[in-house]
Amino acid sequence: METRMNLFDTELGTKVGKRIYAVSQVIQASPLPKSTQELVQLRASQINGCGFCVDIHGKDAAAAGEDAARLNLVAAWRHSTVFTDAERAALALTEEGTRITDGHAGVTDETWARVRKHYDEEQAIALVSLVAMINATNRLGVILNSQGGSYAPGNLTTVTG
């Protein structure tokens, strides 16, 4: 299948894309650990079936030195030993915040308490915002049928115009 549309081929699409990218830059500059940011984005992208975003976040995390075993186990994080308690809290929040439409009740009080145990106010805001933004980006990628496989690590700026 081919990509249906390039978001950056129109003036409006470019404006939307640049604003999404600007929010992402604010989150990237936050005190939320970079490795947690990539794991969260990778997991949400896997759940949403966005090959384009799985490609980006898997490759960027690997290029930044993330361990291959951890990347390979993100989809099965509950059944692995390679994630910290803080990362597990972030991944649980990611799954619950992503699967709202799957009939789930949203984020449970238990998950929220685990997040707050491991992340301060700024980190928690960054984490919640990251989950929201990657879900929005995934939906754009899936709707537009953006394909994964050709992304070069660290080359996102060429994708965003």
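Predicted model: local features only at pLDDT ≥ 70, side-chain atom pairs only at ≥ 80, totals over all residues.

Colleague: How many helices and strands does the protein chain have?

Modeller: The protein chain has eight helices and zero strands. Helices (H or I, at least four residues) and strands (E, at least two) are DSSP runs, numbered from the N terminus. In sequence order the pattern is α-α-α-α-α-α-α-α.

Colleague: What makes the protein chain as compact as a globular protein of that length?

Modeller: Its radius of gyration is 15 Å, close to the 15 Å that the globule rule gives for 161 residues, so the description applies. The radius is taken over C-alpha atoms, and the rule is 2.2 Å times the number of residues to the power 0.38. Along its principal axes, the C-alpha trace spans about 45 × 30 × 30 Å.

Colleague: Why are α2 and α3 called roughly antiparallel?

Modeller: Helix α2 (residues 34-48) and helix α3 (residues 51-63) pack at about 155 degrees, with their axes 8 Å apart. Axes are lines fitted to C-alpha atoms, for helices over the stretch in contact, and angles run from 0 to 180 degrees between N-to-C directions. Angles under 35 degrees count as roughly parallel, over 145 as roughly antiparallel, 65 to 115 as roughly perpendicular and the rest as oblique. The pair α2 and α3 is therefore roughly antiparallel.

The crossing of α2 and α3 is left-handed; that term applies if the near helix is turned anticlockwise from the far one by less than a right angle, and right-handed applies if clockwise.

Colleague: Which residues of α5 and α7 meet?

Modeller: Ala-90, Leu-93, Thr-94, Gly-97 and Thr-98 in α5 meet Leu-127, Val-128, Val-131, Asn-135 and Arg-139 in α7 (contact means heavy atoms within 4.5 Å). These residues divide into five nonpolar, four polar and one charged. Ala, Val, Leu, Ile, Met, Phe, Trp, Tyr, Cys and Pro count as nonpolar, Asp, Glu, Lys and Arg as charged, and the others, Gly among them, as polar.

Colleague: What makes α6 oblique to α7?

Modeller: Helix α6 (residues 109-118) and α7 pack at about 130 degrees, with axes 8 Å apart. This angle makes α6 oblique to α7. The crossing is right-handed.

Colleague: What does Gly-97 touch, not counting residues up to four places away in sequence?

Modeller: Gly-97, in helix α5, touches Val-107, Val-131 and Asn-135 on that count. The C-alpha atoms of Gly-97 and Thr-108, 11 residues apart along the chain, are separated by 9.5 Å.

Colleague: With which residues is Ala-86 in contact, leaving aside its neighbours within four places in sequence?

Modeller: Ala-86, also in helix α5, is in contact with His-118 and Tyr-119. Ala-86 and Lys-117 are 31 residues apart in sequence and 8.2 Å apart in space, C-alpha to C-alpha.

Technical notes:
Residues numbered from 1 in each chain as written. Heavy atoms only, no water.
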